[in-house]
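Hello,

Here is the structure we talked about. Please have a look at it, and then read my notes below.

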Amino acid sequence: MTEFNNLPLVRIDVEYDRRKHGFGNASSRNYNTHATKINNDVVELLNETKKNETKGLNPELILKISYANKIQADELRKCDLEVIGEDSNNALILFASDKELTEFRARLAQYQNGPKEGNKHPSYNQVFANIETVSTLTPQDRIGPKLSKIEIKNNDTYWVDIELWHLGSRQLCNEKIEEVRKIILTNQGRVTDNYIGKSIVVLRANLTGELVKILLEDSIVRLIDIPPKPYFNPREISNLTIDSFPEVIPPDPESTGVCVIDSGVMEGHPMIGPALGDSVSFPTEIGEPTDKEGHGTKVSGLALYGDVLKCINDGVFKPQARLFSARVTNEYNSFDDEKLITTQMRDAINYFYHEYGCRIFNISLGDSEKPYVEGKQTYWAATLDELIRELDIVVIVSAGNYFYDGEIEENVLSEYPTYLFDEKARIIDPASAALAITVGSYCAFESGPTVNLFRKETRVDARVIGKENHPSPFTRTGPGVQGSIKPELCEYGGNLIFDGLIGRINVDRALSVVSTSKELPNELFTTDIGTSFAAPVSTYKASRILNVFKGASANLVRAILVHSAEYPKGIDDTFTEDELLKMYGYGVAQVERFLTSNNQRVTLFAETTIELDKFHIFEVPIPKDFNEVRGKRFICATLAFDPPTRHTRLDYLGITMSYRLIRGKGIDEVVNFFKPKNQVDTDLDERVPSANNCKLIPTPTVREKCTVQKSTFTASNPLDYGDTYYLVVRCESKWATEEVSPQKYALVVTLEHTKEEVDLYTEISQRVQESISLRERVRVKKVRVKI
């Protein structure tokens, strides 16, 4: 066994400029008839806007354009229209500062006149030929999914979140907040908080049902919905006690800081107190930061120790991180009535980041009434994404819990795990955060009431629902935004039984996670189930990584977590690849194994930045034994990056990145593959011969929707493609501009062979050192390609 060394990936600098192209094929319409219809839509829209002025509202001209082929924002901007959002039904939401749409209608008239002499299409065809309808948004467009499920009664009062359209500048957003605030105050409502982010504007207010209906008519309102509620369902606690108090060794003062954002923490707990740095309530009005419910104390124990039961059995508690606690729920286990969840999250994260340098945050909370199904990102998740990119932090989020709700509970035994793929079992807000690591739950061992942790009992009528290494019966599944892989990881979070005696699904302590209890002095430890208790195990593993790789970026920590993950044994043949990714993500992080390297397994790293629309090429040294010794061998690559995000767009990520592993070709040929051809950036996989384009699983179509991407190349027979492969990493701008360039990213690559006699480490380390030495003597040539 060789102690793990951080071997760098050697990069050959290659840059290129990608020409951006125009639009989809213009529709062959009757220009005059089509233009007349659009103009009639506009007239109707303007009349509707003027009607709203008579209702006491100060409407903005916000319109919805449905399209046949998507219209580029730059072209709409020429018409004095700004894209501020998108609809899942092929529609763009636009803001017009010109209240009469003068420029838009002038260009429409030119389109209506048809093609000029010698031209195939009329002026502005790329815009107007693709427009199907122009309309205004209706109250039905503005009502949130949770609010739509209840009957809004005029005289009842409701706590609601009012999201406004983000019009660009902070000043303009503030003006719109004040306009809405005046309407609310005039109608005897209250505004208790507001939040302005980079793409989010939200108010928390207490309104009558009548006022809710008035605001649903306001054009500046994007969405009104009932505020998020945290979901955790505490179970009957165990009476487990210990005879001897295990010695707790405080963490090193320089160790990683981990913050648990939850219901607070029991500060005097003997296993937690020595590691606790600070605990604060956000806002302070919810009371002291001491845990009143117990959820936060359980999560904190797991974030500190990973496996509390193992610590009990070993009789040693040695925390690897400094713990911090942010209490964000009140005595009713709800979020504060008067503060937005976005405010609470930003305040808590900023405080512990700036005061204590905390870079890992655990959020085992979520809104169970808001499963992510499709469309735009939620504002809670979007706020986390903004903070992750802004502060370079790691945020671990639980996937949420879903409990089978069939009419006959016994059917759970036959319908498991199929029901976990229902839309209502999708991950909940904020688990869809694209830059966070989302964690689901699986059943780590086959156990049940016949093998109880604390006592033995025979219950033949109690049937365990989840099988060993299968998903927990209550976990939630992906995908995430734009079909991305969510959750990325899973950990043991417990199991459930069907109790035939009472005909109900039930909990058994033998199927639960053991952690620290708030019920001092009656008990030190308790049990519970849920993805809430799977997530902090990943948090613990993230702290282990940051303790070893001091100063590592959040991208590298995320990359290592995912890169180290493996599926539990025995499930590969049980589920399809798509099902595995939706339930387990990439699997269970094996950080301890990752932090050591043997002769058969070598890992290389890179942390760097890339300009928009460029690509980088990295050398992957291939040892002789890797090529020639029979047996399974693998090359695994993981990429993590933190692109800018925009809450109101369907293409939520402003930048996408991807990679390919090329073999059997020289560097000049590789460069040539990645240059755009014939002024059209054709499909890359069509340009690279299949024999030279290593087959990485998951495929590019699946993994490139994600901000952390892992895939593996597998071979069994001897290989004859030379001693160097090339990993090519590409960065492509979507709506992001040069202002956010360059893009940070981290890359991890592992070569592994199953035969014990193979020595990959010696040759790779020698070649890497030679490459570094050569680069120090010879300046690497940069190839710049323009088209």
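How many of the six residues of strand E17 (residues 322-327) are buried? Six of the six are, so to speak, under cover: E17 is mostly covered. Keep in mind that this is a predicted model.

The faces of E17 come next. In a regular strand, side chains alternate between the two faces of the sheet. On one side of E17 sit Arg322, Phe324 and Ala326, all buried. On the other are Leu323, Ser325 and Arg327, also buried.

Now the neighbours. Strand E14 (residues 257-262) runs parallel to E17, joined by six bridges. Val260 has Ser325 of E17 as its bridge partner. Strand E15 (residues 276-281) also pairs with E17 in the parallel sense, over five bridges.

The whole sheet is open and has seven strands, with parallel pairing. The order is E15-E17-E14-E18-E20-E22-E24. E15 and strand E24 (489-492) are the edge strands, each pairing on one side only. Neighbouring strands are turned by 25 degrees against each other on average, direction ignored.

Val439 has Leu489 in E24 as its bridge partner.

Two helices to look at. Helix H10 (residues 341-356) packs on the sheet and touches E14, E15, E17 and strand E18 (360-363). Its direction makes about 150 degrees with that of E17. Helix H13 (residues 535-548) also packs on the sheet, touching E14, E18, strand E20 (394-398), E22 and E24. The direction of H13 makes about 175 degrees with that of E18.

Best wishes

Terms used: Residues numbered from 1 in each chain as written. Predicted model: local features only at pLDDT ≥ 70, side-chain atom pairs only at ≥ 80, totals over all residues. Heavy atoms only, no water. Buried < 20%, exposed > 50% of the residue type's maximum accessible area, 1.4 Å probe, protein only. Helix = DSSP H or I, 4+ residues; strand = E, 2+ residues; numbered from the N terminus. Pairing = 2+ DSSP bridges. Axes fitted to C-alpha atoms, helices over the stretch in contact; angles between N-to-C directions. Contact = heavy atoms within 4.5 Å.
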